[in-house]
Structures are given as structure tokens and as C-alpha cells.
Amino acid sequence: MASVENLKKRYASVKDSLYQLNKNILILKNDPVGKTHYEFMRNSEIQCFEFSLDTFWKLLKEYLLQVYKVSVEVPTPKKVFRESLNIKLITEDEFNALLDAVDARNVTSHTYHEELAQEISQKIPHFYEVINGIFSRLKIDQ
């Protein structure tokens, strides 16, 4: 029973993080801001993206275990996404986008370069759409 509660908590955490990420994306897209404010919001968007991706893959790991009875040995984001592809929980296009997202997340969490931050920020709306699309298909009893 505790594992079902864990799944529900992870689901709620992903839902909240995706909401915050979407807010950041919309502000950057629609709100005319000055350079200082823009950099602050972009960096906030990147941090929300990192957290959203981390909570999402951990939810998927738990979802695979609870719903499909599939345990990912030595779980990493890429292994969890691969197993999700293997059982057809996600498509190959979604899988490839998620691998790109993990690579982007790894770069942003280990180094900071202005040009790289700008490049990744432009990819985040696509990553959000992919993650949110998969998330919306997950069936969890609330």
C-alpha cells in the first residue's frame, strides 16, 4: 500500500513541477522583459526544467513497477525511458526527445555558458510538450 501512496505523491509532484515549468515558458514567450529580467526568468525556466525532468523519470520508474510490474535494474533516466519504450508506454519519437532532454539537463546542471543556456531554453518548450503529453496519459487513481 505504501508504494501506491508513493506513486500518488510522485504524480502530484510532477503535476506541480510541470505547472511551474509551463508558467515560466509562457512568461518568457509572452512577456516583454528587459535583459536582466529575461536572464533571470530563463535561468528559472532551466531550473524548473531540471526539476521537472527529474521528478518525471522517477514517477515513470515507480509507474513501471506499480502498473506494469517491471523493475528497472540500476535505474537511470535513460534506462527508465528505454523500458517505457520497450513496453510501448512511450513512442520512439518521445523516447528520442526524452534522451535529448536528459542530455540537456546533464549539461545545464554541470556547467553554465550563456550561449548554451540560450540554446537549451529554446528547446525546453518542446521537452515540456513531450513530458506533459506522456504524463497526461498516465492513469493513476487519485
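Mentor: A polar contact is a pair of N or O atoms within 3.5 Å; within protein, one must be able to donate a hydrogen and the other to accept it, and residues adjacent in sequence count only if both atoms are side-chain atoms. The model is predicted: local features need pLDDT of at least 70, side-chain atom pairs count only at pLDDT 80 or more, and totals for chains, interfaces and linings use all residues. Residues are numbered from 1 along each chain as its sequence is written, and side-chain values use heavy atoms, with hydrogens and water left out.

Now take Glu94. Its side chain reaches the backbone nitrogen of Thr91 at 2.8 Å. Glu94 lies in helix H4, residues 92-110. Helices are DSSP runs of H or I with at least four residues, strands are E runs of at least two, and both are numbered from the N terminus. Glu94 is buried, at 12% relative accessible area. Buried means under 20%, exposed over 50%, partly exposed in between, with a 1.4 Å probe and protein chains only. Leaving out residues up to four places away in sequence, Glu94 touches Val130, Ile134 and Arg137. Contact here means heavy atoms within 4.5 Å.

Next, the whole chain. The protein has 5 helices and 0 strands. Buried residues make up 42% of its 142 residues. Of the contacts with a separation of 6 or more, 69% join residues 24 or more positions apart. The C-alpha atoms fill a box of roughly 50 × 25 × 25 Å, taken along the principal axes.
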